[in-house]
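Here is a short briefing on helix packing, sheet architecture and the chain contact. Look at the structure first, then read the points by topic.

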Amino acid sequence: MTDALAVNNLTIYFEDFAAVDDVSFNVSAGSSFGLVGESGSGKSTVLRAIVGLAPSSGGEILLDGKPLATPRSKAFYRHVQMVFQDPYGSLHPRQTVDRTLAEPLAIHGIGDGERRIARALDEVGLGKGFRFRYPHQLSGGQRQRVAIARALLLEPKVLLLDEPTSALDASVQAEVLNLLEQLRRERQLTYVLVSHDLAVVTHMCERLLVMQKGQAVEELSAQALAARQIGTAYTRDLMAASTGFKRE
Amino acid sequence: MGESHATDARLSKPLLEVEDLRVSFPSRNGPVEAVRGVSFTLGRERLGIVGESGSGKSQTGRAIMGLTPPHARITARRLAFAGTDLMQLSARERRSFRGERIAMILQDPKYSLNPVMTIGQQITETLRAHSNVTRAVARDRALDMLEAVQIRDPARIFGLYPHEVSGGMGQRAMIAMMLIADPELLIADEPTSALDVTVQLQVLAILDRLVSERGMGLIFISHDLRLVSSFCDRVLVMYRGRIVEEVAANRLNDATHPYTRGLINCLPKIGEDRHPLPVLDRRPEWAE
C-alpha cells in the first residue's frame, strides 16, 4: 500500500538559512503522525511546504504516491486541509461563522451549502446558534472548532494540524483533542500533527518525528517513547523537560 | 540567642497579607468582578497561583503590584506588605515600593522589555530610580547581575537591544532587571510560558536559585498546574475570581476539589492510554 503522504529529503532555504534540512518521513493512510520540536526546529515549515505556503528548495513531497504540482491544484486542497495554531488569527474578524464556512464551498463550486454548513457545525459540537456569530463573540475553543469545521467542509482525506491546541486552556484542549480523535475515527482521516508538547503528540499519534534546528533527530513510535526506548540525547532532554521542574 | 529570635520573628511575620481582595471592571452591563474575595498570606516561600484564562490570577498579581488599570475598582479588607497597608498609600509612596521591594516578571520578553533601550540601560534604570548610585557603579552591578542569571558574555549583552537576543536571554535579562534592587517579594506572571521547554527549565533553575539565596517571597502565577507544583511550596487554585482550593505542591494528587482534579485529569500524559480524555464538567456552584 502506498503511503497517504511521503516527504523525501525535503530541504527549505530562506536565503542562506536552512529552515528544513533533508527531512524525510512517511504517513500511512488513516494514521496520525506527529512532528515535535522547539521553536525554530522547522516543524511548522514542513507543514507549510506540504500545502505550498513555503517554497521547497529540494526533495519531494508525494501524496498517495504522486508528486505534487506547484502551485498546488484545487483538487489538492480538497484532499488536504490545514488547521492553524491561533484561532484568534486564522478567522476573519469581520466575517460571521456562516461566511467563513461558505468560503471554501464557493471557491470549489460546491452547492448545497445550507445543509453542509449546518452539518459541519453540528459535527464539531457547535449548534445552529453559532452560525451567525462573529469570531469575537466566540471563546478560543469555539473558534478552533470553527477552524476545524472549515477544514472539514471539503471532506479532505488528510488534515494538517499546526499546534491546534497550544493557544487553549488545558480543559478546552482536552475537548478539542477528543473532537479531533473522534473525527479521525469517523472519517478515516490521516493526520499530521505539529506540536511542542510531547504529551499531546504521544496522545494523538502512533508515530512521531523529533526535529531540532531544521533537522530530523529521531523517528519513533509513541509506545517506544512512553517506554523510554529513546535513541538520542535531545529526545531524552525533551522528555525530561516535559515532566516539570526538578530541584538539584 | 537574641539573633535567632529576631530571625524567627522575621520568618513568622507574613510578608504579604491579602484579605478579601476584589477587583472589578466597569462594563455596559454593570461591574464585572475579575477577582472576588481572594485571601491568603505569604511568607518567605514559593506560592503558586494556578487557573485558566479569566480566573483572575493575573489581576490578583497586578493588584498586589499596584498595576491595576485606573478605571478598575479595587477593594480589600486588608492588603499589607511587610506590615504596611498598601491600600492607604499615595501613588507616589506606592511607586517607591514597586521595583525596589516588590518586583514583577512578565510573560513575554518580546513585549515587556522596552524595544528602544539597550538591555543594560533597562537594568541600570531600575537601580538608579531607587538608589543614589553613580553610572559606573550601576553598570558594574548590572554586569554582576547578568552574570548571576548565567549570561556568559555580560558586557556584550549589556549593549544589545531586546530584539537582538533570544527569548530565553530576554527573560534572563528581565530577571536580572527585577532582582537587581533586591526586592523582598517577586511576582512572576507566567515567566516562562513564552519559552521553549528546555529553556524554560534553565530559566526556572536560575529563578529558583536566586529566590532561595536571597530569601525572597515568590508568587508564581501560571496556567500550568504541573509546572507550578514542581516548582512551588504550595499552590492556590483559582476559578472565576475565587480561590477554590489550596494544596501543598507535593500533595497535588491528594487535591479534593473537583475543579483541581479535573484540571489534573484533562492533561494528556505520556504512557497513559486514555481515549477520550476526561473533560471538565463545570459546575455553577464552583464559582459561588
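**Helix packing in chain A**

H3(A) passes H4(A) in a right-handed crossing. The model is a predicted one.

- Helix H3 of chain A covers residues 97-107, and helix H4 of chain A covers residues 113-123.
- Their axes come within 10 Å and cross at roughly 120°.
- H3(A) and H4(A) are therefore oblique to each other.
- On the H3(A) side, the contact is made by A:Asp98, A:Leu101, A:Ala102 and A:Leu105.
- H4(A) contributes A:Gly113, A:Arg116, A:Ile117 and A:Ala120.
- By class, this contact of H3(A) with H4(A) has five nonpolar residues, one polar and two charged.

**The sheet of chain B**

- Six strands of chain B form an open sheet with mixed pairing.
- The strand order is S7-S8-S9-S3-S10-S11.
- Strand S7 (102-105) and strand S11 (242-248) of chain B are the edge strands, and each pairs on one side only.
- Neighbouring strands of this sheet are turned by 20° against each other on average, with direction ignored.
- S7(B) runs parallel to strand S8 (residues 185-189) of chain B, and four bridges join the two.
- Within this pair, B:Ile102 stands opposite B:Leu185 in S8(B).

**Helices on the sheet**

- Helix H2 of chain B, residues 57-65, packs on the sheet.
- H2 of chain B touches strand S3 (46-50), S7, S8, strand S9 (217-222) and strand S10 (234-239) of chain B.
- The direction of H2 of chain B makes about 150° with that of S8(B).
- Helix H11 of chain B, residues 258-265, lies across S10 and S11 of chain B.
- H11 of chain B runs at about 65° to S11(B).

**Contact between the chains**

- In chain B, 27 residues are in contact with 25 residues of chain A.
- Which elements give two or more residues to the side of chain B that touches chain A? They are helix H9 (197-214), helix H10 (225-231) and H11 of chain B.
- H9(B) supplies the largest share of that side, six residues.
- The residues on the side of chain B that touches chain A divide into 14 nonpolar, eight polar and five charged.

Conventions. Residues numbered from 1 in each chain as written. Chains lettered and ligands numbered in written order. Predicted model: local features only at pLDDT ≥ 70, side-chain atom pairs only at ≥ 80, totals over all residues. Axes fitted to C-alpha atoms, helices over the stretch in contact; angles between N-to-C directions. Parallel < 35°, antiparallel > 145°, perpendicular 65-115°, else oblique. Left-handed = near helix turned anticlockwise from the far one by under 90°. Contact = placed C-beta atoms within 7 Å. Nonpolar A, V, L, I, M, F, W, Y, C, P; charged D, E, K, R; others polar. Pairing = 2+ DSSP bridges.
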